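Hi everyone, thanks for coming. Please take a look at the structure on the screen, and then I'll walk you through a few parts of it.

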Amino acid sequence: MYFMDQRVLGRTGRHVSVVGLGTWQLGADWGDVREQDALDVLDAAVEAGVTFFDTADVYGDGRSERLIGRYLRERPDAGVFVATKMGRRAEQLPEHYVLDNFRAWSDRSRANLGVDTLDLVQLHCPPSSVYAGDAVFDALDTLVAEQRIAAYGVSVETCAEALTAMARPGTASVQIILNPFRLKPLEEVLPAAVKAGVGIIARVPLASGLLSGRYTKETVFAGDDHRTYNRHGESFDQGETFSGVDFETGVEAAAEFAALAPGSATPAATALRWIIQQPGVSSVIPGARSPEQARANAAAADAPALSRATLDAVRELYDRRVRARVHHRW
């Protein structure tokens, strides 16, 4: 196995690879993925140096967790830190975020993953009011005390939610959308995270594939792909699909972004390298549907640093083409 650069994941105190693996797609929420293909993706990522998997109890209603659990039983030497998430399987009402539900949800994930103690559990983009309640964080502290979980964090939609959760002394990490089409966290969240010692997990790093540069305005996604059924926020927060940028604008901006890739670097590798260079980022978690994608994503950890001119050009592109098209709450 290749050894990748490791960073401390905030208040967990644990080291994780700077490029992790997001496993939403392995739950088949982006279209069908065969079980063996999913296991091959996990194996390719580990062989490329990935030591951090991110999943959730809602991905394929537990399929993603179960596949990871099977893989880690077959590869006990992999040394992977697994972060999961809870809360989205229930109706999104603040009153559901209570200790009894937390116990039930975390116990289900423990069974799916085949572990006694979960490495990290994140609240999965709950209603904003959840972050303000002392009882919620007291309940999470109880899960730690009961050794159901080793640490907890939050996965958020907005910078305001991140900052509220970060103020809690037990919050180990914040997962937030960050990519060249979503720059607001750079100004508000990352500096605060560095100061507080909270880890940052950067999700949707390729803006649902837009930043790979592979799509045109004529691209059609399968009906069971969220890039079709959630394009306007029909099923969950619109910001999770194409980072909230409308598809046509995103395709145009992505073509310009691709032109910024230095040398022989791909647009996807450039986007990942851009995230890795942001101060405060612990790990970036691109998804992969093939071993080749997993290896290519991992390779971004060793890519040359982007120049100041490239970084400035990314900012200029965002300000000119994207900023006005993204909802202000993101």
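Let me start with a question: which residues does Asn 297 touch, not counting residues up to four places away in sequence? The answer is Val 19, Leu 272, Pro 286, Gly 287 and Ala 288, where contact means heavy atoms within 4.5 Å.

Before going on, a word on where this comes from. This is a predicted model, in which local features need pLDDT of at least 70 and side-chain atom pairs count only at pLDDT 80 or more, while totals for chains, interfaces and linings use all residues. Residues are numbered from 1 along each chain as its sequence is written, and side-chain values use heavy atoms, with hydrogens and water left out.

Back to Asn 297, which sits in helix 11, residues 291–299. Helices (H or I, at least four residues) and strands (E, at least two) are DSSP runs, numbered from the N terminus. Asn 297 counts as buried because its relative accessibility is 9%. The cut-offs are under 20% relative accessible area for buried, over 50% for exposed, and partly exposed in between, with a 1.4 Å probe and protein chains only. Helix 11 has Pro 291, Ala 294, Asn 297 and Ala 298 buried. These cover an arc of only 130° around the axis, so they lie on the same side of helix 11; that arc is taken from the directions from the helix axis to the C-beta atoms. Among the elements covering them are helix 1 (35–47) and helix 10.

Residues 308–322 give it 15 residues, and it reaches 20 Å from first C-alpha to last, close to the 21 Å expected at 1.5 Å a residue; the expected span is 1.5 Å times one less than the number of residues. Its buried residues are Thr 310, Leu 311, Val 314, Leu 317, Tyr 318 and Val 322. Their arc is only 120° around the axis, which puts them on the same side of helix 12. They pack against helix 6 (184–188), helix 9 (247–258) and helix 10 (267–276). On the face turned away from that buried side, you'll find Arg 308 and Ala 309 exposed.

What about strand 6? Five of the five residues of strand 6, 120–124, are buried, so it is largely enclosed by the rest of the structure. Four bridges join strand 6 to strand 5 (residues 81–86), running parallel, and Thr 84 has Val 121 as its bridge partner in strand 6. Strand 6 also pairs in the parallel sense with strand 7 (residues 152–155), over four bridges. There, Leu 123 has Val 154 as its partner in strand 7.

Notes:
Pairing = 2+ DSSP bridges.
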